[in-house]
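Okay, thanks for coming, everyone.

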Amino acid sequence: MRPDDANIAGNVHGGNIFKMIEEAGCIVGTRHCNQHNGERCLAALVRVEKTDFLAPVFVGEVASVTAEISYTSKHSMEVQVKVVAENILTGATKLASKAAVWYVPLSMQDVGRIVEVPPIKYASAEQEEEGRKRYDAQKIERLEKTAKIEAILPPPANPERHTVGFSQHSLIHLVGPPDCTLQDYVNGGVTMKLMDEAAGLTAFRHCKTNVVTASVDVINFHRKIQKGCVVTVTGRLTFTSNKSMEIEVLVDASSLMEEEKGKYRAASAFFTFISLDKFHKALPVPPLKIEGEEEQRRFEEGKARYLQNKAKRLADKQRQQ
Ligand code: COA
């Protein structure tokens, strides 16, 4: 990892790790779907399950990414990706992140056509059954989630410090050829990198210290973003605990050529950031000052996610002991 992959404190950005995860998943998925003489296609990222950043990666370390398909449905595949960081001076290795990502193969001839996924062979019937359960669960969750699209209001003039408006932040990016796949649509990894950047800036504005990504809730990519679109990626704080911040990131796209068609929501996610001191220890976070009913509702929802994630992490830890 090089200095341009990291922040000024030398921590590799979560967004760059996401980019590597997405590339590995796309290669494995595309290879799998093209190994028979069927229609040529490219695997498009449609969903990333909740991802924890388990250990920091630093400039000078070597990151190895491995990806394996763990489930196939008729039109989608789940890929398990692991990122291991190695200190090449000492040989020490650590699991930096692992993620479950879903891809859908899109035809090279007609990007609007979804190609069938060749089934994989499972090691056991239980493994297949477990995969089917994960597939069913995400399908149900998607149906429930699409109903709610959060609006973004511009922050007030001269907002008070530590309010939502004070740190709310938008990045505006024109989608060019380097951002796109072979099918001229934005690469999922590029979008996730922008999302991480917007979340990181929001977290930094709130606490003005070194901040790092701790985890990201599920991300669904509902719609493609075409080359030539303008993407607005907005980060706003929803919740703070004693030592963590939850930032909602909303990705809106609009066509530069057809501005009259308006913006559409291409993706959204909740990022959790931690503030670190110079010894990489977590610092207390300034409490978020809530203004109005909407912010209060989002705070309560963020708190519920925080408590649920914390309980799950604790249960996982106890199971491993
Ligand atoms: N997560 C997991 N699987 C998904 C998914 C998601 N978010 N969205 C769609 N799928 C799967 C469905 O389960 C289905 O597979 P199945 O038939 O085996 O169950 C398959 O995709 C097709 O679903 P369908 O409902 O027919 O299509 P759609 O209207 O959801 O469109 C895409 C699917 C891929 C065309 C559309 O979601 C899209 O264009 N997404 C953006 C892709 C992209 O540009 N990625 C980069 C992001 S920047």
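Buried residues account for 48% of the 321 residues in the chain. Keep in mind that what you're looking at is a predicted model. As for surface, the chain exposes about 17200 Å², and 55% of that comes from carbon and sulfur atoms.

Now, the overall build. You can count five helices and 11 strands in the chain. If you put a box around the C-alpha atoms along the principal axes, that box is roughly 60 × 55 × 35 Å. How does the radius of gyration fit with a compact globule? For 321 residues, such a globule would come out near 20 Å, and the chain has 20 Å, so the two agree.

What about contacts along the sequence? Take the contacts between residues at least 6 apart in sequence: 73% of them join residues that are at least 24 apart. And for charges, there are 43 positive and 41 negative side chains, with the centres of the two sets 3 Å apart.

Okay, let's zoom in, starting with Arg-47. Where does Arg-47 lie? You'll find Arg-47 in strand β1, which covers residues 41-48. Is Arg-47 buried or exposed? Its relative accessibility is 3%, so Arg-47 counts as buried. And there's quite a list of partners here. Leaving out residues up to four places away in sequence, Arg-47 touches Ala-100, Val-101 and Trp-102, then Gln-138, Glu-141 and Arg-142, and then Val-218, Ile-219, Asn-220 and Phe-221. Look at Trp-102 in particular: Arg-47 and Trp-102 are 55 residues apart in sequence, yet their C-alpha atoms are 5.0 Å apart in space.

Next up, Asn-87. This one sits in the loop between β4, residues 77-86, and β5, residues 93-107. Which residues does Asn-87 contact, leaving aside neighbours within four places in sequence? Those are Glu-61 and Ala-92. The Glu-61 contact spans 26 residues of sequence, and C-alpha to C-alpha the pair is 4.9 Å apart.

Let's move to the loop between α2 and α3, where Asn-158 lies. Asn-158 has 76% relative accessibility, so we call it exposed. If you want a sense of distance across the model, the C-alpha atoms of Asn-158 and Ile-274 are separated by 26 Å, and the two are 116 residues apart along the chain.

His-162 is also in the loop between α2, residues 125-145, and α3, residues 164-167. His-162 is buried, though, given its relative accessible area of 17%. What's its phi? The phi of His-162 is near 70°, which is a positive value in a residue other than glycine.

There's another positive phi to point out, at Asp-184: that one is near 65°, again in a residue other than glycine. Asp-184 is in the loop between β6, residues 169-174, and α4, residues 188-207. At 35% relative accessibility, Asp-184 counts as partly exposed.

Now over to helix α5, residues 292-320, which is where Glu-295 is found. Glu-295 is an acidic side chain in the negative set, and it's buried, with a relative accessible area of 13%. Setting aside residues up to four places away in sequence, Glu-295 touches Val-164, Lys-289 and Ile-290. Val-230 is another story: Glu-295 and Val-230 are 65 residues apart in sequence and 27 Å apart in space, going by C-alpha atoms.

Last topic, the cysteines. A disulfide is a covalent bond between the sulfur atoms of two cysteines. How many disulfides are there in this model? The count comes to zero.

Terms used
Residues are numbered from 1 along each chain as its sequence is written. This is a predicted model: local features need pLDDT of at least 70, side-chain atom pairs count only at pLDDT 80 or more; totals for chains, interfaces and linings use all residues. Side-chain values use heavy atoms; hydrogens and water are left out. Helices (H or I, at least four residues) and strands (E, at least two) are DSSP runs, numbered from the N terminus. The radius of gyration is taken over C-alpha atoms; the globule rule is 2.2 Å times the number of residues to the power 0.38. Buried means under 20% relative accessible area, exposed over 50%, partly exposed in between (1.4 Å probe, protein chains only). Contact means heavy atoms within 4.5 Å. Accessible areas come from the Shrake-Rupley method with a 1.4 Å probe; for residues, only the protein chains shown count as cover. The place of a charge is taken as NZ of Lys, CZ of Arg, CG of Asp or CD of Glu. A disulfide is a pair of cysteine sulfur atoms within 2.5 Å.
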